[in-house]
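This briefing covers salt bridges, pockets and cavities, in that order. Please read it alongside the sequence and the structure shown here.

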Amino acid sequence: MYALLIVDDEKSVVDSLALTIPWEDSDIEEVHRAYSAEEALDITSRFAIDVMITDIRMPEMDGLELIRLIRLSAPRIRSIILSGHDEFEYAQQAIRYQAMNYMLKPVDTQALVKAVEEAIKNIEQEWENISSMQQIQHMLHANLPVLQNQFLNDLLQNKPMSQHILEERLKILDLPIRMEDNYRMMVIRMEEEFSGYDLQSLSLLEYAITNIADEVFTPFGLWHCITDQGYLVFLIHHEDRKTLNSVDSFAVKLQNHVQKFLKGAISICLGQERLFPEGLSEGFNRCVAVIQQNVGEHKSYFITVDDQLPNPVMDQGYLQLLEPPLLPQLLEAGNWEEAIAKIKRVLSVDGEGSDLSHEVLYTCLLYLSSTFAIVFRSQHVTLDELLNEEFDLMIRKKSQISSHRVYAWAEKIIQFHRSRAINQIRNTHDDIVSSVHAYIQNHLSDGISLQIIADHVGLHPVYLSKVYKTSTGETIGDYLFRLRMQRAVHLLTQTELKVADVSKKLGFMAPPHFIKIFKKQYGCTPQEYRNR
């Protein structure tokens, strides 16, 4: 759907074009009106206008100058010029400013609608060109580092992906590793010397470390990313397994270079050799667990993970809790089902994975309770009411804690707040619909447009349309049309008003338009309907 702006210093011209033409039939959802060039500039700065119809001769600033100024800030707006003067110089300037059409007043309505539809087709063609393969390839190249970073993050988070898609993305993103290639994982943590920097400076330091790594590991294929937790992760690849086993010395060299040139320490955890993509998520989690165990004990260290060591159950519980997306993020975003599924995985409710010890379950219970207290905080509910008696029981009697009990308690709290959030949204939407109906009923004789109604309720027209359609199953235009027709029948059968007066009371700018619409709806003219 598109937005149209009509500009003319003659108010009657603007209102007539805006209100009497069924623009929705041409995919126009919003119709804005401006009675001066200055007002038009203000509207184009606040709204996403697609097509503008403008007069040429206006006080203060003419239409051609308006088009020139708009093209500086919004070059994709299509312009159609209306003029009362058939002058070659105007037409030349219109061509120079890339106006889509030059039409003479009084304008033929059908021709104007056709010109607007042609402008919309031109917009759609441009976006098709932008979306062409050549443009995609150009954008892909420009954003390659970001896409490579995100792709490795997805693999570390064990997001489901078929082998075909994985192979395809490795090629598209020009990555230095293929299926079944030997690789080793290196996870880096920036130590406390870097803690005083702000986020922007830290990003520059992370970039600097990756640049140093690229130089140090020149003999190898290197693919890296930065995780949400702030770890720098590198996949190191080499066809020769003997060379790959020498990675340790290069990692120590990287550590020394960072200390020397960036004046800060890094801790490095290096995984064992594997075949890509085997063990990406597991290897990353293992490295993070080792790093977390050493936090506070060593300022800077280098360690190689022994893949033969079993993962402690406690570490696995912590790791699943800290896997992105985090539970508070899921709850705040309203991703209720995903939040419940995450808790089920953490607690191994389905019996998949090891049984959790009481200490791990207790830790999970405290984590969940603090998350609920923060996310679902409310002035109307105390903390005891929020967490309920079941939580108090599990806190007092730790022996009563079980995975199923903690899960049932957490799911009940989430489902309660889910229902409350849905009801709040529904009530808000119902209030918006009521406000729209009240405004239309009280201003039916005025020129009503979607933009005017949206301004009244304080919402963007597109968002208002979606809320109304979701709540009622029909569009605002459908309701307005139905109400007008119902009022028309009442006025024709219950009053002696002339047809022209009925048309005016219903907000139609011209009686012929009202007669045409009425006949299309009821199969006869208003007068014929009255005479029945």
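Arg-405 counts as partly exposed at 26% relative accessibility, where partly exposed lies between buried, under 20% relative accessible area, and exposed, over 50% (1.4 Å probe, protein chains only). Arg-405 forms a salt bridge with Glu-390, with 2.5 Å between the closest N and O atoms; the term denotes a side-chain nitrogen of Lys or Arg within 4 Å of a carboxyl oxygen of Asp or Glu. The model is predicted: local features need pLDDT of at least 70 and side-chain atom pairs count only at pLDDT 80 or more, whereas totals for chains, interfaces and linings use all residues. Residues are numbered from 1 along each chain as its sequence is written, and side-chain values use heavy atoms, with hydrogens and water left out.

**Salt bridges**

- Within helix α1, Lys-11 and Asp-15 are four residues apart, about one turn of the helix, and their salt bridge has its closest N and O atoms 2.7 Å apart.
- Lys-11 has a relative accessible area of 49% and is partly exposed, while Asp-15, at 8%, is buried.
- A further salt bridge, at 3.3 Å from N to O, links the side chains of Asp-154 and Lys-159.
- Asp-154 is buried at 12% relative accessibility, and Lys-159 is partly exposed at 41%.
- The count of salt bridges comes to 16.

**Pockets**

- On a 1 Å grid over the protein atoms alone, a pocket is an open set of points with protein on both sides within 12 Å along at least five of seven lines, and a cavity is a set where a 1.4 Å probe fits but cannot get out; lining residues have an atom within 4 Å of a point.
- The largest pocket holds about 1200 Å³ of space, a volume being the space filled by probe spheres set on the points, with grid points joined across faces, edges and corners.
- Its lining has 36 residues, with Pro-22, Trp-23, Glu-24, Gly-477 and Leu-480 closest to the centre.
- Helix α21 gives the most to this lining, with six residues.
- The lining of the largest pocket comprises 17 nonpolar, nine polar and 10 charged residues, where Ala, Val, Leu, Ile, Met, Phe, Trp, Tyr, Cys and Pro count as nonpolar, Asp, Glu, Lys and Arg as charged, and the others, Gly among them, as polar.
- The second largest pocket has a volume of about 510 Å³, and 19 residues line it, with Pro-145, Asn-149, Tyr-207, Thr-210 and His-224 nearest its centre.
- Helix α9 gives the most to the lining of the second largest pocket, with eight residues.
- That lining has 10 nonpolar, six polar and three charged residues.

**Cavities**

- There are three cavities of 30 Å³ or more.
- The largest cavity contains about 80 Å³ of space, and among its 11 lining residues Met-185, Gly-271, Gln-272, Arg-274 and Gly-283 are closest to its centre.
- β6 (182–190) and α12 (280–294) each supply at least two of the lining residues of the largest cavity, and α12 has the largest share, three residues.
- The lining of the largest cavity has five nonpolar, four polar and two charged residues.
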